Amino acid sequence: MHHDLLRDVSFWLFLLSVDRELAEATRKSVCPCGGRLHYANYLRKPGGGPRELPKQCRLRYSSCCDRDGCRKRVTPPSVRFLGRKVYLGAVVILVAAMRQGPTPRRVRELSKLFDADRRTITRWQVFWREHFPETSFWKIARARFVPAIDVAVLPRSLLDALVGTDGDREGWKLLLEFLSPITITGGLDIKVCR
Ligand SMILES: [Zn+2]
């Protein structure tokens with residue numbers, strides 16, 4: 001089941017290895033000023049993970065330009081952190097999805113499982129249903145899905161389409177990699193059409 005997987009440390013170590021590859025690709029790129037990038041990682045305090053989440057799983061990979069006067073920070077996409085959201089990305093997806101569908105789990109049960117209060121869970125649902133469909137990312141990416149994704153039941157519809165009901169880690173990798181462009185600064189911006 002999905003929630004068992006997300007409570008499993010090995011799942012987060014697996015996603016950490018995916019993030020390491022994404023970070024390495026970014027670090028090898030060149031700063032717009034022409035400078036070289038080097039690692040400038042930092043630790044986060046993510047919510048919703050298993051209690052015994054190893055310290056390295058809290059690491060947010062990031063890079064920094066080595067040129068004086070620039071020092072621009074370039075943070076790579078991630079399959080663990082959903083932008084500035086405190087909770088781990090997979091948790092933000094799964095809990096909102098579990099509130100939908102044929103057997104919606106009670107808020108109290110979800111709050112306990114993932115250590116998120118009612119208001120937080122409601123915020124996530126608003127995010128998926130109202131904010132996410134308006135992003136430039138989604139307006140382009142949705143064309144990939146045949147049949148089309150039902151935005152009225154996001155993120156459940158995305159979870160069903162990319163991960164399925166059993167919830168194996170490769171499926172989650174697919175979903176989280178698909179969403180990774182929204183995890184960087186500006187990735188959730190809404191383009192206003194005039
Ligand atoms: Zn630079």
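Trainee: What volume does the largest cavity have?

Mentor: About 50 Å³. Before we go on, this is a predicted model: local features need pLDDT of at least 70, side-chain atom pairs count only at pLDDT 80 or more, and totals for chains, interfaces and linings use all residues. Residues are numbered from 1 along each chain as its sequence is written, and side-chain values use heavy atoms, with hydrogens and water left out.

Trainee: What makes a space a cavity rather than a pocket?

Mentor: Work on a 1 Å grid over the protein atoms alone: in a cavity a 1.4 Å probe fits but cannot get out, whereas a pocket is an open set of points with protein on both sides within 12 Å along at least five of seven lines. Grid points are joined across faces, edges and corners, and the volume is the space filled by probe spheres set on them. Here there is 1 cavity of 30 Å³ or more.

Trainee: Which residues line the largest cavity?

Mentor: S78, V79, R80, F81, L82, G89, I93, L176, L179 and T183; a lining residue has an atom within 4 Å of a point. Helices α3 (89–98) and α8 (169–179) each supply at least two of the lining residues. A helix here is a DSSP run of H or I, at least four residues long, numbered from the N terminus.

Trainee: How does that lining divide by class?

Mentor: Into 6 nonpolar, 3 polar and 1 charged. Ala, Val, Leu, Ile, Met, Phe, Trp, Tyr, Cys and Pro count as nonpolar, Asp, Glu, Lys and Arg as charged, and the others, Gly among them, as polar.

Trainee: And what about the largest pocket, what is its volume?

Mentor: About 340 Å³. It has 17 lining residues, with G83, R84, T183, I184 and T185 nearest its centre. That lining splits into 5 nonpolar, 6 polar and 6 charged. The second largest pocket comes to about 240 Å³, and its lining has 5 nonpolar, 4 polar and 2 charged residues.

Trainee: Why is T135 called buried?

Mentor: Buried means under 20% relative accessible area, exposed over 50%, and partly exposed in between, with a 1.4 Å probe and protein chains only. T135 has 0%, so T135 is buried.

Trainee: Why is L174 called partly exposed, then?

Mentor: L174, in helix α8, has a relative accessible area of 48%, so L174 is partly exposed.

Trainee: Back to T135: what does its side chain reach?

Mentor: The backbone oxygen of F132, at 2.7 Å. A polar contact is a pair of N or O atoms within 3.5 Å; within protein, one must be able to donate a hydrogen and the other to accept it, and residues adjacent in sequence count only if both atoms are side-chain atoms. In helix α4 (107–114), the side chain of S111 reaches the backbone oxygen of A116 at 3.1 Å.

Trainee: What makes a group of residues a nonpolar core?

Mentor: They are buried Ala, Val, Leu, Ile, Met, Phe, Trp, Tyr and Cys residues joined through side-chain atoms within 4.5 Å. The largest core has 48 residues, and those with the most contacts inside it include W128, F132 and W172. Helix α3 gives the most to this core, with 9 residues.

Trainee: Which residues does W172 contact?

Mentor: Contact means heavy atoms within 4.5 Å. Leaving aside neighbours within four places in sequence, the partners of W172 include H2, L5, A90, I93 and L94.
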